[in-house]
Amino acid sequence: MRKPLLLAALIAAAFTAPAVQAVEFRSADVHNSDDYPTVAAVRHMSDVLNKQSNGKYKIKVFNKSALGTEKETIDQVKIGALELNRVNISALNSICPKTLVPTMPFLFDSIEHMRKTLDGPIGEEILKGCEAEGMVGLAFYDSGARSIYSKKPIKTVADAKGLKIRVQQSDLWVSLINAMGANATPIPIGEVYTGLKTGLIDAAENNIPSYEGFKHYEAVKFYSRTEHSMAPEMLVMSKVVFDKLPKAEQDMFRAAAKESVSFQRQKWDEQEAKSLATVKAGGATIVDGVDKASFQAVMAPVYAKFITTPDLKRLVKAVQDNK
């Protein structure tokens with residue numbers, strides 16, 4: 001009698017035993033909205049990864065700067081204290097030199113040109129460029145086209161002259177705005193609304209969803225489509241963590257990240273259309289017909305300052321030829 005009873009007990013235990021606990025990786029993001037396209041994209045990646053790994057892996061997104069600023073989270077990823085991180089590519093410029101290339105002003109002719117380039121061999125080379133610094137580049141996410149918004153229309157480079165324009169805290173962005181004859185003013189994004197309202201700054205530059213999301217359209221009403229940058233976002237993973245995974249699982253992470261790109265782009269396009277409608281309803285004027293050639297004509301010193309090696313010059317030319 002004992003053997004049948006023991007067998008029955010073992011079978012019952014097998015069916016009632018708890019499932020294997022999933023390994024939960026953390027991913028940082030600074031955007032406040034839980035539905036922001038990059039936040040939603042990494043959650044989508046988690047769903048794909050969880051399915052492909054049969055429940056072994058999942059990702060929890062900590063947005064709203066819950067794990068620190070972009071600089072702080074980059075430092076955590078490099079040493080393996082944080083598994084994944086979604087950052088604006090500008091934050092990586094001083095760490096991974098090749099990330100300078102897609103950040104350069106007026107490099108891409110259109111969103112389509114940008115996507116085609118970053119989806120191909122050029123994009124892969126730039127992603128791999130961070131591995132020597134402890135980060136595995138997994139994917140590029142759209143961040144739209146950045147343009148200048150102020151209390152007056154900006155249709156030529158002469159219209160920007162003398163304006164105090166807020167920029168990210170980056171040497172490249174300071175040089176870009178100063179090349180226009182404006183005065184670059186690096187301040188945190190959280191201080192821009194008050195700065196515009198009080199006159200501390202005359203203008204700022206960003207994409208349409210940020211112009212809407214941070215309520216900057218309430219402070220200044222003219223959004224001039226200079227489209228001076230289409231710098232993407234990047235999703236990076238700690239190389240310390242990545243290298244501990246078997247090759248098959250590394251491939252799984254890469255594939256799940258790539259699959260999240262099309263999801264993010266769809267969410268981005270939807271968000272951009274929604275934000276555009278919101279700012280127009282809020283009284284903003286979208287200024288088209290900007291003389292981009294007048295802006296491009298003053299950008300040579302920026303390229304001379306930052307694209308300094310034969311390798312970077314080769315990459316810039318490759319992007320320009322990839323029409």
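Predicted model: local features only at pLDDT ≥ 70, side-chain atom pairs only at ≥ 80, totals over all residues.
## A first stop at Gly129

Gly129 is partly exposed, with a relative accessible area of 25%. The residue belongs to the loop that joins helix α5 (121-128) to strand β4. Its C-alpha atom is separated by 18 Å from that of Phe253, a residue 124 positions away along the chain.

## The overall picture

Let us step back to the whole chain. The protein has 14 helices and eleven strands, and its C-alpha trace spans about 95 × 45 × 30 Å along the principal axes. Of the 323 residues, 50% are buried. Among contacts with a separation of 6 or more, 75% are between residues 24 or more positions apart.

As for the surface, the protein exposes about 14,700 Å², and carbon and sulfur atoms supply 56% of that area. There are 42 positive and 37 negative side chains, with the centres of the two sets lying 2 Å apart.

## Aromatic pairs that reach across the sequence

How many aromatic pairs does the structure hold? The count is nine. One of them joins Tyr36 and Trp268: the ring centres are 6.2 Å apart and the planes meet at 75°, so the pair is edge-to-face. Tyr36 sits in the loop between β1 (23-28) and α2 (37-52), while Trp268 is part of helix α11 (residues 247-281), so this pair ties together parts that are 232 residues apart in sequence. Tyr36 is buried, at 9% relative accessible area, and Trp268 is buried too, at 1%.

Helix α11 also contributes to a pair with a strand. Because Tyr57 lies in strand β2 (residues 57-62) and Phe253 in helix α11, the pair links parts that are 196 residues apart in sequence. Tyr57 has a relative accessibility of 5% and counts as buried; Phe253 is buried as well, at 0%.

## A tyrosine cluster and a charge over a ring

Ring pairs also build a cluster, whose members are Tyr149, Tyr211, Tyr217 and Tyr223. Elsewhere on your tour, have a look at Trp173: Arg146 lies over the face of this ring, at 5.0 Å from the ring centre.

Ala139 is in strand β4 (residues 135-141). Is this alanine buried or exposed? Its relative accessibility is 1%, so Ala139 counts as buried. Leaving aside residues up to four places away in sequence, Ala139 touches Leu127, Glu233, Met234, Leu235, Ala257 and Val261. By contrast, Val302 is 163 residues away in sequence, and the C-alpha atoms of Ala139 and Val302 are 26 Å apart in space.

Pro102 is found in the loop between β3 (84-88) and α4 (111-118). Although in a loop, Pro102 is buried, with a relative accessibility of 1%. Which residues does Pro102 touch, not counting those up to four places away in sequence? They are Ile89, Leu107, Phe108, Leu118, Ile126, Met230, Ala231 and Pro232. Asn183 is 81 residues from Pro102 along the chain, and their C-alpha atoms are separated by 23 Å.

## Two positive phi angles

Two backbone positions deserve a look for their phi values. Most residues other than glycine have a negative phi. Ser65 has a positive phi of about 60° although it is not a glycine. This serine is in the loop between β2 and α3 (70-79), and at 34% relative accessibility Ser65 counts as partly exposed.

Glu227 also has a positive phi, near 45°, in a residue other than glycine. Where is Glu227 found? Its place is in strand β9 (residues 222-229). Glu227 is partly exposed, with a relative accessible area of 22%; a residue counts as buried under 20%.

Terms used:
Residues numbered from 1 in each chain as written. Heavy atoms only, no water. Helix = DSSP H or I, 4+ residues; strand = E, 2+ residues; numbered from the N terminus. Buried < 20%, exposed > 50% of the residue type's maximum accessible area, 1.4 Å probe, protein only. Contact = heavy atoms within 4.5 Å. Areas by Shrake-Rupley, 256 points an atom, 1.4 Å probe, with all protein chains shown as cover. Lys, Arg positive; Asp, Glu negative; His and termini not counted. Charge placed at Lys NZ, Arg CZ, Asp CG, Glu CD. Phe/Tyr/Trp six-rings, centres within 6.5 Å; stacked < 30°, edge-to-face > 60°. Lys NZ or Arg CZ within 6 Å of the ring centre and 35° of its normal.
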